[in-house]
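I opened my notebook to look up how one protein chain is put together. Here is the structure I was reading from.

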Amino acid sequence: MVYATFQLCLILGAPWGHFTWGGAHEVLPASLRIGSAVSILVYLISMALILSRAGVKKIIRNKKIAYFGTWILTIYLFLGVLMNVVSRSHLERYNAPFILLLAILLLIVAKSKRIES
């Protein structure tokens, strides 16, 4: 939820653009604000996948979707680490350790036994 809140603040005009989207803009232009809105949607779907896969809350009832979706999200996060590391924004690079931690935690969930409840 922290990243979703951060993206919402960017959409509303917060001057934190140098932490994201390559760091080229302090306040995001309209096209990147749309990207931030899409990011929020991705975060919400990600939360539903993780909660469903871990058996905390069955938001996504189809077990195959939760299973494969979690693996896709895991790969996406590991790629996100690489993207943060190679970013032109030195401030955006500070996200890499946090994203790496999230990717490792999600890998643990993805590798766990399928929840059958």
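**Ground rules**

I am working with a predicted model, in which local features need pLDDT of at least 70, side-chain atom pairs count only at pLDDT 80 or more, and totals for chains, interfaces and linings use all residues. Residues are numbered from 1 along each chain as its sequence is written, and side-chain values use heavy atoms, with hydrogens and water left out.

**The whole chain**

I began with the elements: the protein chain has four helices and zero strands. Helices (H or I, at least four residues) and strands (E, at least two) are DSSP runs, numbered from the N terminus. Read from the N terminus on, the order is α-α-α-α.

Next I looked up the dimensions: the C-alpha atoms fill a box of roughly 45 × 25 × 20 Å along the principal axes. Of the 117 residues in the protein chain, 33% are buried. Here, buried means under 20% relative accessible area, exposed means over 50%, and partly exposed is in between (1.4 Å probe, protein chains only).

I also checked contacts, meaning heavy atoms within 4.5 Å. Among contacts between residues at least 6 apart in sequence, 50% join residues at least 24 apart.

Two packed helices are described by the angle between their axes and the distance between the axes. The axes are lines fitted to C-alpha atoms, for helices over the stretch in contact, and angles run from 0 to 180 degrees between N-to-C directions.

How do helix α1 and helix α2 pack? I found an angle of about 160° between α1 (residues 2–11) and α2 (residues 30–53), with the axes 9 Å apart. That makes α1 roughly antiparallel to α2. The cut-offs are under 35 degrees for roughly parallel, over 145 for roughly antiparallel, 65 to 115 for roughly perpendicular, and oblique for the rest.

The crossing of α1 and α2 is left-handed; that is, the near helix is turned anticlockwise from the far one by less than a right angle, while clockwise would be right-handed. On the α1 side, I noted Tyr3, Ala4, Gln7, Leu8, Leu10 and Ile11, which meet Arg33, Ser36, Ala37, Ser39, Ile40 and Tyr43 in α2. The residues of this contact divide into eight nonpolar, three polar and one charged. In this count Ala, Val, Leu, Ile, Met, Phe, Trp, Tyr, Cys and Pro are nonpolar, Asp, Glu, Lys and Arg are charged, and the others, Gly among them, are polar.

**Helix α2 against helix α3**

I moved along the chain. The angle between α2 and α3 is about 125°, and their axes are 9 Å apart. α2 and α3 are therefore oblique to each other, and their crossing is left-handed. From α2, Ser46, Leu49, Ile50, Ser52 and Arg53 make the contact, together with Ile65, Ala66, Tyr67, Gly69, Thr70 and Leu73 of α3. I wrote down six nonpolar, four polar and one charged residue for the contact of α2 with α3.

**Helix α3 against helix α4**

At what angle do α3 and α4 cross? Roughly 160°, and the axes of α3 (residues 63–85) and α4 come within 9 Å. α3 and α4 are therefore roughly antiparallel to each other, with a left-handed crossing. The residues of this contact divide into 17 nonpolar, four polar and one charged.

**Aromatic rings**

My last entries are on rings. A pair of aromatic rings is described by the distance of the centres and the angle of the planes. Rings of Phe, Tyr and Trp (its six-membered ring) pair if their centres lie within 6.5 Å; planes under 30 degrees apart are stacked, over 60 edge-to-face, and the rest tilted.

How many aromatic pairs does the structure hold? I found four. In one of them, the ring centres of Tyr3 and Phe98 are 5.6 Å apart and the planes are at 35°, so the pair is tilted. Tyr3 lies in helix α1 and Phe98 in helix α4 (residues 96–111), so the pair ties together parts that are 95 residues apart in sequence. Both are partly exposed: Tyr3 has a relative accessible area of 21%, and Phe98 has 40%.

Phe6 and Trp16 have their ring centres 6.1 Å apart and their planes at 5°, so this pair is stacked. Phe6 is buried at 19% relative accessibility, whereas Trp16 is partly exposed at 36%.
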